[in-house]
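Please keep the structure in view while reading.

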Amino acid sequence: MLDRAAVIGAGSWGTAFSCHLARCGIAVDLWVMEKELLKILRASRENSLFLPGIILPESIKFSSDINEIISRNKVIFVAIPTQFIRSAFELVSADLRGKFFVSLAKGMERETLLLPTEILRNILGDVSLSALSGPSFAREVALGKPTVLVLASNRVDSALFIRDTISDEHLRVYASGDITGVELCGALKNVIAVAAGVSEGLGFGENTRAALIVRGLAEMARLVEARGGSRQTVYGISGLGDLVLTATSRTSRNFRAGLMFAEGKTADTLSLGGQVAEGVETVKAVVKLASALGIEMPISSEVHRVIYEGKSPEKSVHDLMTRELKFE
């Protein structure tokens with residue numbers, strides 16, 4: 001039985017997951033990077049910047065001292081956007097012996113092409129690492145809506161310990177040994193969700209969305225397998241499950257980013273109220289990794305061209321639809 005845990009990152013997902021842990025009877029130390037947000041949370045117990053309208057339980061405490069929080073907790077959930085994990089954890093000097101780190105992030109570091117737990121391994125060394133992923137809008141988790149996720153780890157004992165600790169009648173967690181596949185699915189589905197948002201913004205219909213989902217899954221499967229993950233993972237909770245959610249709803253930040261790109265916004269003018277659409281940065285790493293592995297990723301490549309190379313969304317759709325015809 002775990003009586004307390006740390007959550008690193010007070011964005012919408014870190015805040016929502018803290019609510020879930022508190023509901024499980026676990027006291028939470030929530031690390032808050034933003035000074036303004038820390039003041040707001042201590043004054044009102046409401047994350048009005050990233051998860052407004054939800055008053056956080058008294059069992060959640062707030063701190064800006066990452067080393068103090070890690071020192072007094074055995075299990076640390078990491079809810080920082082992927083591109084900021086390195087800068088946050090380079091500050092860590094606490095004793096890490098016996099600690100369990102669980103990544104809640106979905107992305108790939110653009111310079112190194114590392115997945116979240118690989119970044120943590122690179123910085124922290126030989127610690128216990130797991131990844132929690134799947135279809136999970138933050139507000140619904142905070143409100144206790146039934147949700148299913150998958151917890152992946154290279155260490156079975158770690159996966160089972162964390163799974164059993166955080167599962168309850170609101171959140172059902174499955175275990176997996178394919179940490180590479182689970183994390184890569186979490187990164188790739190965000191890119192396809194951006195494409196789905198672009199499609200919606202251009203006024204295309206349900207046929208187009210279904211095509212993007214099924215052909216996006218094919219891209220995901222090719223890259224996951226080439227990177228050492230399991231193709232089966234792509235058709236499970238962290239792959240198909242998360243892709244269906246994030247590619248069909250305006251609640252998804254990546255979907256909303258796609259809508260804005262369809263309107264002519266660029267990466268420099270995109271505005272999501274201070275929140276991060278991971279797919280916008282992740283697509284840089286995805287295209288680079290696919291090229292290095294010799295994997296064809298036509299949808300992801302067109303997303304990159306629209307965001308970073310100035311290509312019109314309409315021309316990208318035309319080029320995708322007029323590619324050489326092939327067997328499925």
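The protein chain carries 37 positive and 37 negative side chains, and the centres of these two sets are 2 Å apart. The model is predicted.

**Overall form**
- The secondary structure of the chain consists of 15 helices and 10 strands.
- The chain has a radius of gyration of 19 Å, close to the 20 Å that the globule rule gives for 328 residues, so it is as compact as a globular protein of that length.
- Along the principal axes, the C-alpha atoms fill a box of roughly 55 × 40 × 35 Å.

**Surface and interior**
- Of the 328 residues, 54% count as buried.
- The chain exposes about 14200 Å², and carbon and sulfur atoms supply 53% of that area.
- Among contacts between residues at least 6 apart in sequence, 68% join residues at least 24 apart.

**Helix α12**
- Helix α12 covers residues 253–262, and it is largely enclosed by the rest of the structure because eight of its 10 residues are buried.
- The buried residues of α12 include F255, L259, M260 and F261.
- Among the elements that cover these buried residues are α8, α9, α11, α13, α14 and α15.
- At the start of α12, a side-chain oxygen of S252 comes within 3.3 Å of the backbone nitrogen of N254.
- Just after α12, G264 has a positive phi of about 105°.

**Residue S301**
- S301 lies in helix α14, which spans residues 298–308.
- S301 has a relative accessible area of 18%, so it counts as buried, the cut-off being under 20%.
- The side chain of S301 reaches the backbone oxygen of M297 at 2.8 Å.

Key
Residues numbered from 1 in each chain as written. Predicted model: local features only at pLDDT ≥ 70, side-chain atom pairs only at ≥ 80, totals over all residues. Heavy atoms only, no water. Helix = DSSP H or I, 4+ residues; strand = E, 2+ residues; numbered from the N terminus. Buried < 20%, exposed > 50% of the residue type's maximum accessible area, 1.4 Å probe, protein only. Polar contact = N/O pair within 3.5 Å; in protein donor to acceptor, adjacent residues only side chain to side chain. Contact = heavy atoms within 4.5 Å. Rg over C-alpha atoms; globule rule 2.2 N^0.38 Å. Areas by Shrake-Rupley, 256 points an atom, 1.4 Å probe, with all protein chains shown as cover. Lys, Arg positive; Asp, Glu negative; His and termini not counted. Charge placed at Lys NZ, Arg CZ, Asp CG, Glu CD.
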